[in-house]
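Hi everyone, thanks for coming.

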Amino acid sequence: MAWCAARSFHMPAVDMGALRTRAPLAAVDGFALVAGSSFWRSLASSKPSSRFACSAISTDARIKESVHTDKAPAALGQYSQAIKVDNFVHVSGCLGLIPETGKFVSDNVVDQTEQVLKNMGEILKARGASYSSVVETTILLADWNNFKKVNEIYAKYFPSPAPARSIFQIAALPLDAKIETGCIAAL
């Protein structure tokens with residue numbers, strides 16, 4: 001079975017059977033392809049016509065709602081601070097900016113991490129969520145050597161059970177930030 005989240009964006013479905021020799025595949029920006037030997041065996045034995053299915057992401061404005069608060073920095077581009085869809089709030093990547101000034105709290109990763117999580121908390125609160133309702137976070141670091149410092153601060157904000165988390169070092173962040181963090185919370 002193919003999963004075609006791209007169908008809503010007018011992109012063609014992918015024949016997963018044709019890709020089975022190229023496994024494993026990964027998740028990128030909300031598109032996920034799952035790899036596994038039993039998955040590929042069941043795919044190979046299925047009828048070609050049943051290999052396609054579409055689990056679309058709707059762009060219907062009636063089912064998604066923008067979340068905004070002045071207690072967190074405004075978005076730096078064409079995106080929302082967060083979007084509520086169904087019973088979830090998807091918070092965009094937050095930087096360690098002071099909401100009133102739009103400037104970084106400092107050039108220090110510890111201070112920026114604290115501010116990032118405060119900003120995220122204000123966005124969550126604007127939609128009736130909290131740190132305890134976060135089910136997944138994504139952290140982007142400018143320098144992997146800051147992982148331990150960030151992890152210690154992170155642990156103060158997220159009660160047990162901690163949310164699922166992905167953390168990456170990337171080449172550069174907006175405005176030369178030290179950290180950027182986004183999350184998904186259940187309502």
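This is a predicted model: local features need pLDDT of at least 70, side-chain atom pairs count only at pLDDT 80 or more; totals for chains, interfaces and linings use all residues.

**Strands, core and salt bridges**

Residues are numbered from 1 along each chain as its sequence is written, and side-chain values use heavy atoms, with hydrogens and water left out.

A word on names: helices (H or I, at least four residues) and strands (E, at least two) are DSSP runs, numbered from the N terminus. Two strands count as paired if DSSP finds at least two bridges between them.

Back to the hairpin, then. S2 and S3 run antiparallel and are joined by four bridges. If you want one to look for, find isoleucine 83, whose bridge partner in S3 is histidine 90. S3 also pairs with S6: these two run antiparallel as well, with five bridges. Here, phenylalanine 88 stands opposite alanine 186 in S6. While you look at strands, keep in mind that in a regular strand the side chains alternate between the two faces of the sheet.

Now for the inside. Which residues touch the most other members of the largest nonpolar core? They are Val91, Met120, Ile123, Leu124, Ile139 and Phe158, out of 25 residues in that core. At least two core residues come from each of S3, H3, S4, helix H4 (147-157) and S6. H3 gives the largest share, with six residues. By a nonpolar core I mean a set of buried Ala, Val, Leu, Ile, Met, Phe, Trp, Tyr and Cys residues joined through side-chain atoms within 4.5 Å. And buried means under 20% relative accessible area, exposed means over 50%, and partly exposed is in between (1.4 Å probe, protein chains only).

Let's zoom in on methionine 120. Setting aside neighbours within four places in sequence, methionine 120 is in contact (heavy atoms within 4.5 Å) with Val91, Cys94, Phe158, Thr181, Gly182 and Cys183.

Next, glutamine 115, which is found in helix H3. Is this glutamine buried or exposed? Glutamine 115 counts as buried, because its relative accessibility is 13%. Not counting residues up to four places away in sequence, glutamine 115 touches Gly96, Leu97, Ile98, Pro99 and Val105.

Leucine 97 is in the loop between S3 and H3, and at 4% relative accessibility it counts as buried. Leaving aside neighbours within four places in sequence, its contacts include Pro73, Leu76, Phe104, Asn119 and Leu175. Leucine 97 and valine 116 are 19 residues apart in sequence, with their C-alpha atoms 7.3 Å apart in space.

On to charges. How many salt bridges are there? The count comes to four, where a salt bridge is a side-chain nitrogen of Lys or Arg within 4 Å of a carboxyl oxygen of Asp or Glu. I'll show you some of them.

One joins arginine 127 and glutamate 65, with the closest N and O atoms 3.3 Å apart. This pair links distant parts of the chain, 62 residues apart: arginine 127 sits in the loop between helix H3 (109-126) and strand S4 (134-141), and glutamate 65 in strand S1 (residues 64-67). Arginine 127 is partly exposed at 25% relative accessible area, and glutamate 65 is partly exposed at 37%.

Another joins lysine 178 and aspartate 107, with the closest N and O atoms 3.6 Å apart. Lysine 178 is in the loop between strand S5 (164-169) and strand S6 (179-186), while aspartate 107 is in the loop between strand S3 (88-94) and H3, so the pair ties together parts that are 71 residues apart in sequence. Aspartate 107 is exposed, at 57% relative accessible area.

Then there's lysine 125 with glutamate 122, the closest N and O atoms again being 3.6 Å apart. These two are three residues apart in helix H3, so about one helical turn separates them. Lysine 125 is exposed, at 51% relative accessible area, whereas glutamate 122 counts as partly exposed at 21%.
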